[in-house]
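Here's a friendly walk through a protein model, one piece at a time. Keep the structure open beside you as you read.

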Amino acid sequence: MRKVGMTTTIPVEVVYAAGLIPVDLNNIFVTHENPQSLVEEAEMAGYPRNLCAWIKGLYSTILQNDDIQTLIAVTQGDCSNTHALMETLEMAGVNVIPFAFPFDRDYDLLKLQMEKLINTLGTTWDEVYHAKKRLDAIRSKVHELDRLTWQGDRVRGWDNHLYQVCCSDLEGDPEDFGRRVDQYLAELPAKEPIKAKVRLAYIGVPPIMDDLYDYVEERGARVVFNEVQRQFTMPFATDDIVEQYRIYSYPYGIFYRLQDISRELEQRQVDGVIHYAQSFCYRQIEDLIVRQKLKYPILTLEGDKPNKLDARTRMRLDAFLDMLR
């Protein structure tokens with residue numbers, strides 16, 4: 001079975017329906033033994049230093065994985081730098097397939113994009129719906145894991161992040177991933193409830209730093225809501241797969257995302273919000289809107305390259321948590 005790379009979440013059911021293995025390159029990049037070396041490799045190839053590290057990481061990741069010769073790149077609804085990423089990868093001999101989420105969430109345009117992807121990969125709508133049923137069974141297990149994060153107080157913020165972010169491609173093997181989730185859920189009743197006085201929400205793209213969740217828990221707080229990661233799990237019930245990716249909020253505008261965020265903040269009874277913005281990303285501008293629309297204390301964090309939290313960010317987190325207490 002051939003592997004197909006992805007720059008972000010796409011209708012992954014189409015890939016599975018075509019008998020292919022989807023690979024979210026973001027997950028491969030950030031879990032690399034030395035992700036910073038991938039960023040530097042892209043810079044050596046000519047990528048500018050003042051460019052999002054995720055894009056540079058994706059470039060080097062796909063070139064280092066010879067078994068990935070095809071890439072599905074999201075040209076609308078994600079990073080605008082993806083366009084140049086596609087062009088440089090085409091120069092390197094990678095077969096690039098574009099996919100666009102319509103800005104206005106138009107149903108017909110989204111269906112047309114999915115139809116094109118179905119035809120390109122050589123599958124059918126019937127097979128796609130069969131794959132949807134297969135994947136929804138796995139996703140429902142992660143939905144329960146998420147519920148136990150904010151209701152059962154049994155799931156750590158990092159675990160919530162990890163299992164949900166893996167739903168972008170279900171690690172290329174849905175059944176094996178589902179068994180791992182089952183095992184994790186089976187062990188939860190024996191665990192002591194997590195005691196933390198401060199409940200946080202994390203909104204924005206997943207962090208490029210890997211110690212954020214551990215750090216806030218060391219200081220008596222915990223993340224009970226991961227916005228974008230939760231969206232990767234398709235946390236809504238619909239039999240219409242086009243509607244599923246129309247409801248999915250990440251690739252659409254900030255006002256639509258804020259509807260989902262506001263509902264979850266109230267339901268999960270959070271005390272404060274961490275808004276993460278990647279350096280050199282247009283989404284940094286959206287922080288202006290987030291601060292006006294959300295009536296919660298908000299700490300905006302900026303991350304650049306894959307590493308640990310720096311001293312300045314730790315101090316800002318400490319001050320924010322002290323203020324919430």
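Two strands count as paired if DSSP finds at least two bridges between them. Keep in mind that this is a predicted model. Now look at β3 and strand β4, which covers residues 95-100: they pair in the parallel sense over six bridges. How does the chain get from β3 to β4? It crosses through helix α5, residues 82-91, and this β-α-β crossover is right-handed.

Strand β3 (residues 68-76) has another partner to visit. Strand β1, residues 3-6, runs parallel to β3, and four bridges join the two. Here you can pick out V4, whose bridge partner in β3 is T70. In case you're wondering what holds such pairs together, strands of a sheet pair through backbone hydrogen bonds, either parallel or antiparallel.

Four strands form it in the order β6-β5-β7-β8, and the pairing is parallel. Which strands sit at the edges? They are β6 (221-226) and β8 (298-303), each of which pairs on one side only. Going from one strand to the next, the twist averages 30°.

Now for some helices. Helix α3 (residues 35-45) and helix α4 (residues 53-64) have axes 8 Å apart and pack at an angle of about 90°. That angle makes α3 roughly perpendicular to α4. On the α3 side, the residues in contact are L38, V39, E41, A42, E43 and A45, and they meet A53, K56, G57, Y59, S60, T61 and Q64 in α4. Sort this contact by class and you get six nonpolar, four polar and three charged residues.

Finally, compare that with another helix pair. Helix α7 (residues 125-150) and helix α8 (residues 157-165) have axes that come within 10 Å and cross at roughly 160°. Angles over 145 degrees count as roughly antiparallel, and α7 and α8 are therefore roughly antiparallel to each other. The crossing of α7 past α8 is left-handed. From α7, the contact uses V142, L145, D146 and T149, while α8 brings D159, N160, Y163 and Q164. Those contact residues divide into three nonpolar, three polar and two charged.

Terms used:
Residues are numbered from 1 along each chain as its sequence is written. This is a predicted model: local features need pLDDT of at least 70, side-chain atom pairs count only at pLDDT 80 or more; totals for chains, interfaces and linings use all residues. Side-chain values use heavy atoms; hydrogens and water are left out. Axes are lines fitted to C-alpha atoms, for helices over the stretch in contact, and angles run from 0 to 180 degrees between N-to-C directions. Angles under 35 degrees count as roughly parallel, over 145 as roughly antiparallel, 65 to 115 as roughly perpendicular and the rest as oblique. A crossing is left-handed if the near helix is turned anticlockwise from the far one by less than a right angle, and right-handed if clockwise. Contact means heavy atoms within 4.5 Å. Ala, Val, Leu, Ile, Met, Phe, Trp, Tyr, Cys and Pro count as nonpolar, Asp, Glu, Lys and Arg as charged, and the others, Gly among them, as polar. A crossover is right-handed if, with the strands pointing away from the viewer, the path from the first strand over the helix to the second runs clockwise.
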